[in-house]
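Open the model in your viewer and keep the selection panel at hand.

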Amino acid sequence: MICYVFKRRRRIAGTLRVSPVWFGGLRMAWEPREHTWSLGTSDKREAERRLHEERMRREKERNGVLPPRPQQEAAERPLN
C-alpha cells in the first residue's frame, strides 16, 4: 500500500511554483495504479487526516463493511 501527502511543484518561466494546497497519493494492494487528488487544505495535519479517512473508507468498502460509493451516493439522492 502506498499512502502519502505532497505539494505539487512546477516550473513557470524558470521559477519554481509550489501549490498552496496538499495532494494525496494512494494505492491500495488490490488496485492496479496509484490515485492522486487534491485534499483541499493548506494544513498538513488536516491533509494527512483526510487521506487516512479515505484509506479507511476504501478498506471498509473492500471488506464489505460499507457499500460501494455509487450506492452510497444514490441512497442520498431523493427519488423525485
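Select Val 5, Trp 22, Leu 26, Met 28, Leu 39, Ala 47 and Leu 51. These seven residues form the largest nonpolar core. Such a core is a set of buried Ala, Val, Leu, Ile, Met, Phe, Trp, Tyr and Cys residues joined through side-chain atoms within 4.5 Å. Buried means under 20% relative accessible area, exposed means over 50%, and partly exposed lies in between (1.4 Å probe, protein chains only). In soluble globular proteins, nonpolar side chains tend to be buried together.

A word on the source: this is a predicted model, where local features need pLDDT of at least 70, side-chain atom pairs count only at pLDDT 80 or more, and totals for chains, interfaces and linings use all residues. Residues are numbered from 1 along each chain as its sequence is written, and side-chain values use heavy atoms, with hydrogens and water left out.

Stay with Leu 51. Which residues does Leu 51 touch, not counting those up to four places away in sequence? The list is Cys 3, Tyr 4, Val 5, Gly 24, Gly 25, Leu 26, Trp 37 and Leu 39. Contact means heavy atoms within 4.5 Å.

Next, pick Glu 46. Glu 46 sits in helix H1, residues 44–63. Is Glu 46 buried or partly exposed? Glu 46 counts as partly exposed because its relative accessibility is 21%. Now draw a distance to Trp 22.

Move to Ala 13. Ala 13 lies in the loop between strand S2 (9–12) and strand S3 (15–18). Check its backbone: phi is positive, about 55 degrees, although Ala 13 is not a glycine. Most residues other than glycine have a negative phi. Ala 13 is exposed, with a relative accessible area of 81%.

Zoom out and switch to cartoon. The chain has two helices and five strands. Their order along the sequence is β-β-β-β-β-α-α. Helices (H or I, at least four residues) and strands (E, at least two) are DSSP runs, numbered from the N terminus.

Finally, show the whole chain. Its C-alpha atoms fill a box of roughly 50 × 35 × 25 Å along the principal axes. Of the 80 residues, 21% are buried. Among contacts between residues at least 6 apart in sequence, 30% join residues at least 24 apart.
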